[in-house]
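Below is a short briefing on one protein chain. Look through the sequence and the structure first, then read the points grouped by topic.

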Amino acid sequence: MKLHKPLVSAVLLCVLGAPFAASAADGDWKRGRVYYQMVCTACHKEPANGGKAIAPTSKTKAEWAAYIQADKHAKGKDSLKSYISKEYRAKIKATNKAAEKFADVPDEDLLNDIKAFVIKGAKDGDSPASCS
């Protein structure tokens, strides 16, 4: 009988806390949009980097998820996560307001934010988005 109360309490805590845990991992698509547009798009628009922005609508949700999971950028030459890292943001913050604004955001949180934005804006997403 003594074991019954803690077990029931643990189960209730898991059941009631699950929705909050799931929403925390989803990411803030609005913060992701700001970073994507002001850092990712700004860099890709430079002539040295191809001069062309990569819109979220260029991929499906599954393609974006696979791209982020693979952690390959620049045709596999770089880690995608290196462009989201605090070190990278510190390096460019003097010339990029978004990097400066999000300088202290944990890397994993920012990655989840960007993922939320590109998934939402994917060609089969809830709100297909361009890179304006």
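Cys 43 is partly exposed, with 25% of relative accessible area, a value that falls between the 20% limit for buried and the 50% limit for exposed. The model is a predicted one.

**Cysteines**
- Cys 40 is also partly exposed, at a relative accessible area of 23%.
- The cysteine sulfur closest to that of Cys 40 belongs to Cys 43, and the distance of 8.3 Å is too far for a bond, because a disulfide needs the two sulfur atoms within 2.5 Å.

**The chain as a whole**
- The protein chain contains six helices and zero strands.
- Read from the N terminus, its elements follow the order α-α-α-α-α-α.
- The chain has 132 residues, and 27% of them count as buried.
- Taking contacts between residues at least 6 apart in sequence, 60% join residues that are at least 24 apart.

**Helices H3 and H6**
- Helix H3 covers residues 61–70 and helix H6 covers residues 107–121; the two pack with their axes 9 Å apart, at an angle of about 160°.
- H3 is thus roughly antiparallel to H6, because angles over 145 degrees count as roughly antiparallel.
- On the H3 side, the contact is made by Lys 61, Trp 64, Ala 65 and Ile 68.
- On the H6 side, Leu 111, Lys 115, Val 118 and Ile 119 take part.
- H3 and H6 have a right-handed crossing.

**Asn 96**
- Asn 96 lies in the loop between helix H4 (86–92) and helix H5 (97–101).
- Is Asn 96 buried or exposed? Asn 96 counts as buried, because its relative accessibility is 12% and the limit is under 20%.
- Beyond its neighbours within four places in sequence, Asn 96 is in contact with Met 38 and Val 39.
- Tyr 35 is 61 residues from Asn 96 in sequence, and their C-alpha atoms are 9.8 Å apart in space.

Definitions and conventions: Residues are numbered from 1 along each chain as its sequence is written. This is a predicted model: local features need pLDDT of at least 70, side-chain atom pairs count only at pLDDT 80 or more; totals for chains, interfaces and linings use all residues. Side-chain values use heavy atoms; hydrogens and water are left out. Buried means under 20% relative accessible area, exposed over 50%, partly exposed in between (1.4 Å probe, protein chains only). Helices (H or I, at least four residues) and strands (E, at least two) are DSSP runs, numbered from the N terminus. Contact means heavy atoms within 4.5 Å. Axes are lines fitted to C-alpha atoms, for helices over the stretch in contact, and angles run from 0 to 180 degrees between N-to-C directions. Angles under 35 degrees count as roughly parallel, over 145 as roughly antiparallel, 65 to 115 as roughly perpendicular and the rest as oblique. A crossing is left-handed if the near helix is turned anticlockwise from the far one by less than a right angle, and right-handed if clockwise.
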